[in-house]
Amino acid sequence: MLSARSWGTGPPEVVLLHDGLGSISQWRAVPEAIHDATGRTVLAYERAGHGSSTPVPTGPWPADWLHHEAVVLADLLDSVGAEQPVLVGHSDGGSISLLAAAEAGVVAAGVVSLAAHSWVEQVCVDAIAEMRETPDRFVAGLARHHEHPAAVFEAWSGVWTGDDFRPWDVRGSLATITAPVHVVQGEADEYASPEHVAATVDAIGPNARGTLLPGRGHLLHHEAPDVVVELIAGAVTDWLG
């Protein structure tokens with residue numbers, strides 16, 4: 001069972017997908033701010049194992065877990081009557097948003113990917129491997145947002161640092177996305193090189209554009225929430241009218 005929360009009434013027009021260790025609460029005030037700025041109904045949900053959603057993971061996720069989650073998203077959108085929403089995903093959630101539009105048959109009005117991954121960079125693997133050296137520190141922080149923080153940390157960090165996931169690269173399939181895409185990343189992202197933005201935009205094609213935010217790291221919606229809301233609200237206005 002997946003937990004979700006809406007801001008506004010009616011079918012969702014903007015759908016938020018959290019990062020690899022994220023949850024609804026970790027979006028903080030961003031969903032409400034998007035709703036206030038656009039007047040659109042915003043939906044945020046928690047993937048399985050995150051927050052209060054089930055089932056609880058046991059060990060690392062399989063190497064194709066992002067593709068599986070794109071299919072889950074497609075089913076969720078159908079179940080809530082979300083027709084051509086704007087997808088906004090952070091980190092792994094951004095990757096899932098791109099895969100949903102590229103492979104899972106989701107017809108989106110547009111996609112805003114915040115610090116998303118389109119292939120596995122060594123800088124990301126190294127950063128997560130370092131996190132696994134002191135898991136208790138991260139699990140303690142996650143406990144404020146997740147019912148099973150140790151399980152979700154192990155599942156997420158285990159798959160990202162596992163050998164089976166190293167070849168993951170979806171740039172070859174991103175050219176099938178026909179919706180407009182705004183690829184956004186912090187210049188100081190701890191989990192990706194600055195080149196990741198341009199490479200992802202190039203893989204998608206002329207319907208994509210990229211923005212590299214100077215001095216910002218991976219958690220863009222925590223470091224610069226006003227900037228992120230402005231970017232999302234502008235895209236929503238452009239794509240939904």
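Begin the tour at the second largest pocket, which has a volume of about 180 Å³, and keep in mind throughout that the model on your screen is predicted. To find the place, select A48, P55, W61, H68 and E69, which lie nearest the centre of this pocket among the 14 residues that line it.

Select residues 65–79 for α2 and residues 92–102 for α3, and look at how the two helices pack at an angle of about 65°, with their axes 8 Å apart. Angles of 65 to 115 degrees count as roughly perpendicular, and α2 is therefore described as roughly perpendicular to α3. The crossing of these two helices, α2 and α3, is right-handed. Sorted by class, the residues of the contact of α2 with α3 comprise seven nonpolar, two polar and two charged.

Next, move to another helix pair by selecting residues 30–38, which form α1, and residues 225–240, which form α9. What is the angle at which α1 and α9 pack? It is about 45°, and the axes of the two helices lie 9 Å apart, so α1 and α9 are oblique to each other. Here α1 passes α9 in a right-handed crossing. Display V30, A33, I34, A37 and T38 in α1, and then P225, V229, I232, A233 and V236 in α9, to see the residues that meet. In the contact of α1 with α9 there are nine nonpolar residues and one polar residue, with no charged ones.

Finish at the largest pocket, whose volume is about 520 Å³. Select D19, L21, Q26, L142 and L219 to centre the view, because of the 24 lining residues these lie nearest the centre of the largest pocket. Then highlight α4 (122–132), α5 (135–142) and α6 (149–161), the elements that each give two or more residues to the lining of the largest pocket. Which classes of residue make up this lining? The lining of the largest pocket divides into 10 nonpolar, nine polar and five charged residues.

How values were computed
Residues are numbered from 1 along each chain as its sequence is written. This is a predicted model: local features need pLDDT of at least 70, side-chain atom pairs count only at pLDDT 80 or more; totals for chains, interfaces and linings use all residues. Side-chain values use heavy atoms; hydrogens and water are left out. Axes are lines fitted to C-alpha atoms, for helices over the stretch in contact, and angles run from 0 to 180 degrees between N-to-C directions. Helices (H or I, at least four residues) and strands (E, at least two) are DSSP runs, numbered from the N terminus. Angles under 35 degrees count as roughly parallel, over 145 as roughly antiparallel, 65 to 115 as roughly perpendicular and the rest as oblique. A crossing is left-handed if the near helix is turned anticlockwise from the far one by less than a right angle, and right-handed if clockwise. Contact means heavy atoms within 4.5 Å. Ala, Val, Leu, Ile, Met, Phe, Trp, Tyr, Cys and Pro count as nonpolar, Asp, Glu, Lys and Arg as charged, and the others, Gly among them, as polar. On a 1 Å grid over the protein atoms alone, a cavity is a set of points where a 1.4 Å probe fits but cannot get out, and a pocket is an open set with protein on both sides within 12 Å along at least five of seven lines; lining residues have an atom within 4 Å of a point. Grid points are joined across faces, edges and corners, and a volume is the space filled by probe spheres set on the points.
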